[in-house]
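Here's a quick briefing to read with the model open beside you. Take a look at the picture, then work through the topics below.

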Amino acid sequence: MNKFIAVDAQECIGCHVCEIACAVAHNRQSWPESIAAFHPRIEVISHQQNHVTVTCHHCNNAPCVTSCPVGALTYRNEQVHLNEARCIGCKNCVLACPFGAIEMVNAGQDAIWLAQKCDLCEQSESGQPACVAHCPADALKLMDDRELNDLRLRRQKMALSGASAAVRRQSLLDKPARNGAEKLPAIQRKMHFEEIYQGLSSLHAVNESQRCIHCAQKARCNWTCPLHNAIPELLRLVAEGKIIEAAELSHQSSSLPEICGRVCPQERLCEGACTLKPHSGAVAIGNIERYITDTALAQGWWPKVSPDIATRKERVAVIGAGPAGLGCADILARRGIQVDVYDRYPEIGGLLTFGIPPFKLDKQLLAMRREIFNSMGIEFHLNCEIGRDIAFSELLSSYQAVFLGVGTYDLMRAGLEHEDSPGVVQALPLLTASARRVMNLADDAATPWIELAGKHVVVLGGGDTAMDCLRTAIRLGAASVTCAYRRDEASMPGSKKEVVNAREEGVEFLFNAQPQFIERNDNGAVTGIGLIRTLLGEPGSDGRRRPQPVVGSEFVLPADVLVMAFGFQPHAMPWLETHQVTFDKYGLIETGKAGRLSTQTQHPKIFAGGDAVHGADLVVTAMVAGRQAARDILVMLGDSSPIQCSHSQEPLR
């Protein structure tokens with residue numbers, strides 16, 4: 001009889017561990033390098049809370065075998081085998097498979113698309129399919145004559161007794177409701193700039209951690225985390241009260257865990273992938289990540305460079321003290337490299353400090369991080385702008401490598417006439433000026449203070465930056481604050497919880513309203529924004545539905561201050577122009593071309609990562625890029641060994 005993997009749909013909990021176990025097993029037990037490289041040979045199909053898996057049935061008279069014109073598919077030893085070396089990518093097998101269990105995957109850059117299917121993990125050391133071995137609900141079985149007969153007998157007994165089959169599933173999913181961090185009441189929090197979410201108590205953190213069902217060591221939550229934090233293990237340690245061990249493990253994969261715990265959009269990442277989300281609510285992973293490091297630091301613990309690491313002679317310059325630069329510096333320092341970080345701002349953090357408002361991220365956290373990095377031997381050169389205070393050529397001649405973690409600071413405009421009128425302001429200068437005052441720093445002429453008290457403020461945009469401006473305007477005493485967005489609420493690209501918070505604090509939302517012109521008085525100052533109603537049309541190239549103006553629906557929304565919050569794009573860096581660094585058509589730095597490492601530019605000593613390479617994105621993705629650049633720099637310097645952390649449980653890879 002043919003062998004195949006079968007699923008008990010009544011027991012499947014939809015955790016997707018089978019997919020992850022499969023992808024990891026076929027990638028030398030490592031995480032795939034990217035989402036694009038994630039090609040499991042088993043797929044979970046879900047509808048509401050019902051789940052089934054699709055994978056090769058290794059049919060006796062397999063139609064895929066008979067349809068293959070080159071003999072790449074054969075049936076022997078009770079299963080269908082695929083010889084990928086013979087596959088020509090004709091797709092006949094995909095068309096022939098009655099279960100949709102064969103897919104075409106890209107074998108690499110410039111390679112043809114080849115067939116891929118389940119091989120029952122025949123090359124694994126255990127000899128057991130990875131999906132079967134790791135399924136937490138025991139819903140998957142490798143079927144042969146004996147297993148099939150056992151299944152038949154079990155179902156006969158259940159039919160006779162009337163017992164329910166889904167015993168394991170019920171015990172796994174029967175958890176208390178989510179109980180995340182509490183936030184201050186809106187009437188209270190909108191009066192100040194302190195963080196609105198309160199830290200978890202020890203009991204609260206333990207109870208929430210105990211909700212985790214520990215799908216697997218490599219689960220969907222840590223796969224969807226760009227850093228691949230060891231989330232199930234971290235939750236287990238917190239549940240056991242082992243906070244220092246949890247902090248050490250957390251710092252194995254993250255350079256700023258207490259910050260990511262506050263500002264990451266967990267609902268789109270780890271928590272969005274939590275198996276419990278559609279049942280009792282996702283585990284509050286972000287709140288617990290914050291709790292771990294906050295608590296460990298309060299107890300006197302600090303992350304340190306391993307005492308076994310000797311200081312090396314190589315020196316690396318990092319330009320930009322944002323999450324990409326800090327991530328890069330962290331990894332290099334842990335390997336004994338001497339790191340100097342240059343930044344034009346007076347404090348480290350980049351947009352973490354001067355772009356994200358204090359009510360989302362306490363700036364004292366960055367001050368603490370600066371002390372930690374200083375203790376690791378990292379030196380910061382602040383208020384230092386490349387090309388003005390120091391020549392880039394000087395860095396190239398003084399250091400063995402240079403990392404560009406410069407971010408994207410050019411502001412996107414609406415394309416309206418009179419955007420330079422008095423009363424029209426860009427998002428970043430507004431947020432920066434506000435942050436400087438909260439931090440008791442002197443005003444900066446480049447980002448002058450903007451008085452909003454008693455004024456009617458309109459913010460254009462629907463992302464997180466727009467939400468930050470709206471909520472900042474509330475705290476600065478604006479008479480009214482309105483968000484005008486050209487699509488509907490469901491299409492807003494920012495965090496949903498930020499929209500909720502803004503609405504609670506008194507922000508008015510005006511959806512399906514597209515800006516047309518800026519209305520001004522005789523002195524040229526803003527008095528309103530001309531808008532037109534929209535309806536959503538067909539999707540564009542990005543998959544998002546395009547807003548279509550409704551003829552005759554024009555109106556003017558009064559405004560004293562108009563804030564443009566359309567996001568960021570690459571800024572000019574003339575000091576790079578003569579150093580072999582190339583840019584794409586959008587102005588992003590190009591890395592990883594032929595013969596180069598993934599974060600290496602065309603200049604062998606210059607590496608780059610973060611928003612300046614992949615465009616404006618998340619704090620965590622920038623940090624990932626910086627840490628990868630550090631590994632690439634180490635390879636360039638002839639060192640590819642694991643990075644050791646003081647008191648760490650396992651080496652960083």
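Helices (H or I, at least four residues) and strands (E, at least two) are DSSP runs, numbered from the N terminus. You're looking at a predicted model, where local features need pLDDT of at least 70, side-chain atom pairs count only at pLDDT 80 or more, and totals for chains, interfaces and linings use all residues. Residues are numbered from 1 along each chain as its sequence is written, and side-chain values use heavy atoms, with hydrogens and water left out.

**Cavities**

- Rolling a probe the size of a water molecule over the atoms shows where empty space is left.
- A cavity here is a set of points, on a 1 Å grid over the protein atoms alone, where a 1.4 Å probe fits but cannot get out; its lining residues have an atom within 4 Å of a point.
- Grid points are joined across faces, edges and corners, and a volume is the space filled by probe spheres set on the points.
- The structure has eight cavities of 30 Å³ or more.
- The largest cavity takes up about 170 Å³, and of the 17 residues lining it, Asn229, Ile231, Cys270, Ile285 and Glu289 come closest to its centre.
- Two elements, α10 (231–239) and α13 (285–298), each give two or more residues to that lining, and α13 gives the most, with four.
- Sorted by class, this lining has 14 nonpolar, two polar and one charged residues; Ala, Val, Leu, Ile, Met, Phe, Trp, Tyr, Cys and Pro count as nonpolar, Asp, Glu, Lys and Arg as charged, and the others, Gly among them, as polar.
- The second largest cavity has about 150 Å³ of space, and of its 17 lining residues, the closest to the centre are Cys212, Cys215, Cys221, Cys274 and Thr275.
- Here α9 (220–224) and α10 are the elements that give two or more lining residues, with α10 giving the most, at three.

**The sheet with β15**

- Strands pair if DSSP finds at least two bridges between them.
- Five strands make an open sheet in the order β14-β22-β15-β16-β17, with parallel pairing.
- At the edges sit β14 (424–426) and β17 (508–510), each pairing on one side only.
- Strands β15 (residues 456–460) and β22 (residues 561–564) run parallel and are joined by four bridges, and Val458 stands opposite Leu562 in β22.
- Helix α19 (residues 464–475) packs on this sheet, touching β15, β16 (480–484), β17 and β22, and its direction makes about 170° with that of β16.
- For that packing, contact means heavy atoms within 4.5 Å; axes are lines fitted to C-alpha atoms, for helices over the stretch in contact, and angles run from 0 to 180 degrees between N-to-C directions.

**The sheet with β12**

- Three bridges pair β12 and β24 in the parallel sense, and Leu404 stands opposite Ala608 in β24.

**Aromatic pairs**

- Rings of Phe, Tyr and Trp (its six-membered ring) pair if their centres lie within 6.5 Å; planes under 30 degrees apart count as stacked, over 60 as edge-to-face and the rest as tilted.
- That rule gives nine aromatic pairs.
- One of them is Tyr342 with Tyr399, edge-to-face, at 6.4 Å centre to centre and 85° between the planes.
- Tyr342 lies in strand β10 (residues 338–342) and Tyr399 in the loop between α17 (392–398) and β12 (401–404), so this pair ties together parts that are 57 residues apart in sequence.

Technical notes. 1 Å grid on protein atoms, 1.4 Å probe; cavity = no way out; pocket = protein on both sides within 12 Å on 5 of 7 lines; lining within 4 Å.
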